Amino acid sequence: MKTYIVGNWKLNFTVGEASIYLHKLLKTLPNYRDIEVVVAPSTIALQPLSLQVDRHKIKLGAQNAFYRDYGAFTGETSFSQLRGIADYVIVGHSERRYIFGENDKMIQKKVAAAIRNKIMPILCIGETESERAFGETTDVIRDQLIGGLTDVADDDLSKVIIAYEPVWAISSTKAAKLATPDEIAEVVKLIRKTLADIYGEKKSENVPILFGGSVGSANAGAYLTIPGVNGLLIGGASLILSEFVDIIDTAKRVRS
Ligand code: PEP
């Protein structure tokens, strides 16, 4: 399986800044065949960047899209509009869940709409600090996973990526803490087991599971060697080109 290094730029960079970053990244990066590098800019930058990107080296991800293809949905961009432009889409990010009120039902529809439009969803799941403190991590992870995948048929599981992002470890969270490899390994095992219970062991083994939460060049190697972790979803550190390149190089080293 490839190793996925995904940069979530969130609400940062103008289109011009995004284009300059991509230009430099394309120049710096060798063509690592076993590392799938993805950057997810703001929606407005996706189309121009899709004309600039070399997809042998880097893929583009959307940070969000709406599940209906067209209609009276002011302000939304549909997956069908992003078809052929974005290769991946982040769905169910905790900022969408907790700032924009997205629930599992909406996330389920977004995952299905992404697959329908040949865009690979990166389904984010993760417990909050208080859910962990109250011993609810297992239930939350199961509910978010099962909820998000409700409309994903057996044969479509291979079109989905899961990202485990404990909300308390995300750098924008107040007093974010670093998740330990043991804490991550335990949840990744739970995710794999839940997938196996629904889709069977064989299919579940092939689903990439990423980790995200304050990943930087200093801890990327440790996180990438956790059993069952197939890549990283990176917020803050992906905004700094040299950091992002270091993380990609680390992935190459760790996986060689
Ligand atoms: C994220 O928000 O997806 C994320 C992982 O952010 P950070 O790396 O900044 O913690």
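**Helix 7**

I began with helix 7, residues 137-149, in this predicted model. I checked its length. At 1.5 Å a residue, its 13 residues should span 18 Å. Its end C-alpha atoms lie 18 Å apart, so expectation and model agree.

Next I asked which residues of helix 7 are buried. I noted T137, V140, I141 and Q144. L145, G147, G148 and L149 are buried as well.

**Cavity**

How many cavities of 30 Å³ or more are there? I found 1. The largest cavity holds about 40 Å³ of space.

I listed its lining: G92, H93, S94, R97, C124, I125, G126, Q144 and E165.

**Pocket**

I moved on to the largest pocket. About 480 Å³ of space lies in it. Its lining has 18 residues. Which of them lie nearest the centre of the pocket? I wrote down T43, Q63, N64, R96 and F100.

The pocket lining divides into 6 nonpolar, 8 polar and 4 charged residues.

**Aromatic rings**

I counted aromatic pairs and got 8. I took F66 and Y67 for a closer look. Their ring centres are 4.4 Å apart. Their planes meet at 35°. Stacked would need planes under 30 degrees apart and edge-to-face over 60, so a pair in between is tilted. The F66 and Y67 pair is therefore tilted.

Are F66 and Y67 buried or exposed? The cut-off for buried is under 20% relative accessible area. F66 has 12% relative accessibility, so F66 counts as buried. Y67 has 18%, so Y67 counts as buried too.

Last, I looked for rings that group together. W9, F13 and Y21 form one aromatic cluster.

Definitions and conventions. Residues are numbered from 1 along each chain as its sequence is written. This is a predicted model: local features need pLDDT of at least 70, side-chain atom pairs count only at pLDDT 80 or more; totals for chains, interfaces and linings use all residues. Side-chain values use heavy atoms; hydrogens and water are left out. On a 1 Å grid over the protein atoms alone, a cavity is a set of points where a 1.4 Å probe fits but cannot get out, and a pocket is an open set with protein on both sides within 12 Å along at least five of seven lines; lining residues have an atom within 4 Å of a point. Grid points are joined across faces, edges and corners, and a volume is the space filled by probe spheres set on the points. Helices (H or I, at least four residues) and strands (E, at least two) are DSSP runs, numbered from the N terminus. The expected span of a helix is 1.5 Å times one less than its number of residues. Buried means under 20% relative accessible area, exposed over 50%, partly exposed in between (1.4 Å probe, protein chains only). Rings of Phe, Tyr and Trp (its six-membered ring) pair if their centres lie within 6.5 Å; planes under 30 degrees apart count as stacked, over 60 as edge-to-face and the rest as tilted. Ala, Val, Leu, Ile, Met, Phe, Trp, Tyr, Cys and Pro count as nonpolar, Asp, Glu, Lys and Arg as charged, and the others, Gly among them, as polar.
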